[in-house]
Amino acid sequence: MITVYTDGSCIKDNRGGYSAVITNDGEIITVLYQGYSDTTNNRQEIRGVLAALEYFKEPTKMTIVSDSQYVVNTIKQKWAQKWFKEKDTTKKNLDLWFK
């Protein structure tokens, strides 16, 4: 079973980064990470999830573990789907959510 643990962070001067640890049955397959400038904590949280999804070339069933309520709620509550359907361009990070 594929499980992905993601995290993102940002410090005062808007420098931040993400990480995603991809495991298969508890064994680490790979660790993905990247730093960014001029960013936010939420953008890095999203990027951690995106990096994990983009890692796999074929559709793959996985569990994604995130400590970000913003990411979890946007996915579980289907907020992004609603924003897209309603063409709500007032929300932040739409460039990442609709990637």
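In this short talk I will walk through the fold of one protein chain, from its overall layout down to a few single residues.

Before the details, please keep in mind that this is a predicted model, in which local features need a pLDDT of at least 70 and side-chain atom pairs count only at pLDDT 80 or more, while totals for chains, interfaces and linings use all residues. Residues are numbered from 1 along each chain as its sequence is written, and side-chain values use heavy atoms, with hydrogens and water left out.

Let me begin with the layout. The chain has four helices and four strands, where helices (H or I, at least four residues) and strands (E, at least two) are DSSP runs numbered from the N terminus. Along the sequence these elements come in the order β-β-β-α-β-α-α-α. The radius of gyration is 14 Å, close to the 13 Å that the globule rule gives for 99 residues, so the chain is as compact as a globular protein of that length; here the radius is taken over C-alpha atoms, and the rule is 2.2 Å times the number of residues to the power 0.38. Taken along the principal axes, the C-alpha atoms fill a box of roughly 40 × 35 × 25 Å.

How much of the chain is buried? Of its 99 residues, 38% count as buried, which is to say under 20% relative accessible area, with exposed meaning over 50% and partly exposed in between (1.4 Å probe, protein chains only). If we look at contacts, meaning heavy atoms within 4.5 Å, residues 24 or more positions apart account for 44% of those with a separation of 6 or more.

Now to the strands, which pair if DSSP finds at least two bridges between them. Strand β1 (residues 2-10) runs antiparallel to strand β2 (residues 16-24), and nine bridges join them; Asp7, for example, has Ser19 in β2 as its bridge partner. The hairpin of β1 and β2 has five residues between the strands, and in this hairpin Asn14 takes a positive phi near 65°. On β2 there is also strand β3 (residues 27-36), again antiparallel and joined to β2 by nine bridges. Their hairpin has two residues between the strands, and Asp25 in that turn has a positive phi of about 50°.

Which residues does Tyr18 touch, once its neighbours within four places in sequence are left aside? Among them are Asp7, Gly8, Leu32, Tyr33, Gln34 and Tyr36, and also Gln44, Arg47, Gly48 and Ala51. Tyr18 and Glu45, although 27 residues apart in sequence, are 6.5 Å apart in space, C-alpha to C-alpha.

Finally, I would like to set two residues side by side. Lys87 is found in the loop between α3 (79-85) and α4 (94-97), and Asn93 lies in the loop between α3 and α4 as well. Neither is a glycine, yet Lys87 has a positive phi of about 55° and Asn93 has a positive phi of about 70°. Are they buried or exposed? Lys87 is exposed, with a relative accessible area of 69%, whereas Asn93, at 11% relative accessibility, counts as buried.
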